[in-house]
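Let's take a friendly walk through a protein model together. Have a look at it first, and then read on.

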Amino acid sequence: MADLALADLRVIDLTQGIAGPYCTKLLADYGAEVIKIEPLEGGDYTRRLGPFPNDIPQHDRAGLFLHLNTNKKAITLDISKQSGRVILRKLLTQADILVESYSPGYLPGLELGYDDLKAEFPSLVYCSVTPFGQTGPYRIYKGNSLACMALSGLMYVSGDPDKEPLCTGGEPAEYFAGLSAWVSILAAVGQRSQTGKGQYIDVSMLESLGTADEYNTIMYSGYGAIRKRFYSRHLFLYPSDIFPCQDGYIVVISGASGFPTGMALLLENPDLQANPLFSPILWPRTINWRQLDEIITPYLMNHSWQDLLTRAQELRLPFAAVLDPKMLLENEHLRERQFFVDIDHPEAGRLTHTGAPFRMSETPMRVGRAPLLSEHTQEVLLDLEYNKEDIVILRERGVA
Amino acid sequence: MTALLLENVRILDLTQVYAGPTCSRLLADLGAEVIKIEGTSRIDVIRNLILLDNNTQDDYWNRSGYFLSRNAGKKSLTLDLTQEAGRELFLRLVPHTDVVVESFTPRVMRQMGLHYDALRQIKPDLIMISMSGYGQTGPWANYSAFGMGLEPASAISSLTGYRDGPPLRSGISFTDPLTGIMGAGAVLAALHYRRRSGKGQYIDLSEHEAAIPIVGYALMDYAMNSRLPQRIGNRSPWFAPQGCYRCRPNESGDDNWLVITVCNDEEWQAFCQAVGRPQWAEDERFADVLDRIRHQEELDELIGSWTREQEHIEAMHLLQRAGVIAAAVLNPKQVLLDPHLRERGYWDMIEQPGAGRRPVAKQIGARFSAMEPGPRGRHAPKLGEHNHEVLGGLLGLSEEELTQLEEEKVIGDTPDTVVPLAVMRQALQQPLSAFQQMGALHALEDDYKKQLGIEAE
């Protein structure tokens, strides 16, 4: 069996939702042992969000949970009770990393903040994931992906000018925060290998979207320009947009060298090379975009997206497909790369999951299912040298 | 502060534009020595974009704001890899290197003989990551790809759009930063494994695949129920009300907006009190979440009637104080001035030679108790700025040899442009007033440096 990149790491996971669980999924999928601690009543709240097979809610069949919690162990524990905190501290003696996503101040209120633990666990990497971070005036504010899209300025430039600003689908800020936390934890683990010491990491979901600013803030600090909402358009390279075509949509991107020749050939009209809108200079096209649309739209409406995509790519024009989940699952390229993986689950059955987001030649991603609620409580407590009678008592007291 | 973790790690960076440079910028922020390699006839194209002060004179290619954001803290080496001499110098650098990062279409590195199998012959524990649009294998492997296309291709756009409208992109190249962060994590994971095993490895990152987990919920819904997602604008399948509401315009008549999410019945009660409309809390149409979802149109009308009278940032504070998720839709200038981000030290002030100080956002969305990642004051490198340091210092080339390489145009510090530089200067001048007229920009603010507090001292 191949080695796993992170096989030597053990993680205690106190997160719920998307951001924290996505971070620990990446740790688990690449080999770390992740013990997810859930509240006794219903567990992680994504167990209630669905989607569920046939829309029948059941906490072990929740699609988003199954997606985000692969390869983890799951125990239930009430850390607001003293006995629960004792168990958590025992778990931390064997752990490298603690990840949590409670509101700032909640864990310190239970004497489980970094400052409460660092003396006892000096090599622990302790990572908190919250909407706005642990400091600053918004630290106590509530947030979600939508709020971060708004405060980051990304929403201001997304959508149509005559409609409201538009958030990007799929709760993307949550995933950015998960990636940020994962990178930060790996960085801190790397530093620990040199210093022997752990540290505290304060991940802000809002700031995790900072890399996505692209050129919005620099246009203001660069020359005083503020972008407006304008069809979510890339200001400097028109067209780079989704257009309707005969059987759906196609992303028309001229690339750096599509004009005059590539685009004219694609449209089967070499005369267009002489059209001023087909000049290699970018700006006339950006400004007179409606005229350009009048030239290209009729052609697109007479051709299928697959035909357009194939021929554009032959001309080295970076056109792209506009796919939905069904088309993704049926996509021949992803199929040949075996991106999707089927995973059996005792409650949810066999389901298709996303596979490796990157492929490591020596240490591949492992494929495994998400845990049932409390599936590993018994096993983990026995490992901590509680006996079966203890566990009955802990259960009766509502601790584990 | 303890030393940064990657201080003994050297990275050769062959990436351009956005995704790859984000990956290597994160690694540079963490302490790695990142040597960015460009050819003088193939400079990173974003050196031409958003030139500070829209000034295309002199060495404009060293003053791109876009380039600054993605490349602060790196070193610049020019090497013409289309020449044998350029490739040979690259190969001589590889033994001194821990990580190679590249983002070409897969055929390119193979054609140049610089693929992983060749490089690991000379550096057995080398880590190399290829960040391409669609990965190294499969029928789309050699498709060229821009971030503007990968967002729709990864199905994120199928979830983005107004109700009953077409799929839409975000106003930025969304998958580029996402996969850039992921690439940095992949390299850190490989370095972690190398510390333990002594082994390097190759990482094939398809930016398409790396973005697909974002649509995990919709994929599961299709796998479970054969149901395709519907575009629902800014609404939520779980909460109501949720939306983006028009607020009072500012003095110059620009529209302002506020997003709101009410998560449960208690928050709905708190919301109604906070906005001074206790009668809404009594209204049976809105009694619980199912009622509120069913009557969302009427609800949005009522909420809009309140928000239209409010200043958007004040309304955010008012609702947040009541425990309701609310956020002003900030414009990029307001982001730069936001008190929360400022207090958290989100902006690194960087002095870019010839252009003055600019605020550059932190690229790692976290604060650490025992390290302070970032460019540490270092600017984005001028083209070829470190040619002598890298080739003279690391490879020990003499001044004569370097001069000869300059004469042969293997290295250099000035772009070899297809058209004369004078024409380039003309072409790169952005027609900002025309952008403003067509509605894509607000009126330019000439006093932006004063507003940002970055005037020359």
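Predicted model: local features only at pLDDT ≥ 70, side-chain atom pairs only at ≥ 80, totals over all residues.

A helix here means a DSSP run of H or I with at least four residues, numbered from the N terminus.

**A helix with a buried face**

Stay with α10 of chain A, which covers residues 258–266. Which of its residues are buried? They are G258(A), F259(A), M263(A), A264(A) and L266(A). Seen down the axis of α10(A), these buried residues fall within an arc of 155°, so they line one face of the helix.

**Where the two chains meet**

Now turn to the contact between the chains, which takes 138 residues from chain A and 141 residues from chain B. On the side of chain A that touches chain B, helix α7 (residues 172–195) of chain A gives the most, with 18 residues. That side of chain A divides into 75 nonpolar, 41 polar and 22 charged residues.

Strands also cross from one chain to the other. Strand β6 (residues 199–204) of chain A and strand β12 (residues 366–368) of chain B run antiparallel and are joined by three bridges. Within this pair, V203(A) has A366(B) as its bridge partner.

**A sheet built from both chains**

Seven strands form an open sheet with mixed pairing, in the order β12(A)-β6(B)-β5(B)-β4(B)-β1(B)-β2(B)-β3(B). At its edges stand β12 of chain A and β3 (75–78) of chain B, each with a single partner strand, so one side of each is left without a neighbour in the sheet. In general, strands of a sheet pair through backbone hydrogen bonds, either parallel or antiparallel. Here are some of the pairs:

| Strand pair | Bridges | Direction |
|---|---|---|
| β12(A) (residues 359–360) and β6(B) | two bridges | antiparallel |
| β5(B) (residues 127–132) and β6(B) | six bridges | parallel |
| β2(B) (residues 33–38) and β3(B) | four bridges | parallel |

Single residues show how these pairs line up. D204(B) in β6(B) stands opposite R359(A), and D204(B) is also the bridge partner of S130(B). Over in β3(B), K75(B) stands opposite I35(B).

Is β6(B) enclosed or open, and why? Six of the six residues of this strand (residues 201–206) are buried, so it is largely enclosed by the rest of the structure. In a regular strand the side chains alternate between the two faces of the sheet. Both faces of β6(B) are covered: one carries the buried residues Q201(B), I203(B) and L205(B), and the other carries Y202(B), D204(B) and S206(B), buried as well.

**Domains and a loop in chain B**

Chain B is assigned domain 1 (10–213 + 343–449) and domain 2 (242–329). The centres of these two domains of chain B, taken over C-alpha atoms, are separated by 42 Å.

Finally, find G276(B), in the loop between α10 (265–274) and α11 (278–282) of chain B. Why does G276(B) count as exposed? The reason is that G276(B) has 10 C-beta neighbours inside 10 Å, and a residue is exposed if that number is 12 or fewer. From C-alpha to C-alpha, G276(B) and W306(B) are 9.2 Å apart in space, while 30 residues apart in sequence.

Notes
Residues numbered from 1 in each chain as written. Chains lettered and ligands numbered in written order. Buried ≥ 20, exposed ≤ 12 C-beta atoms within 10 Å, placed from the backbone. Contact = placed C-beta atoms within 7 Å. Nonpolar A, V, L, I, M, F, W, Y, C, P; charged D, E, K, R; others polar. Pairing = 2+ DSSP bridges. Domains from an automatic or database assignment. Arc of directions from axis to C-beta.
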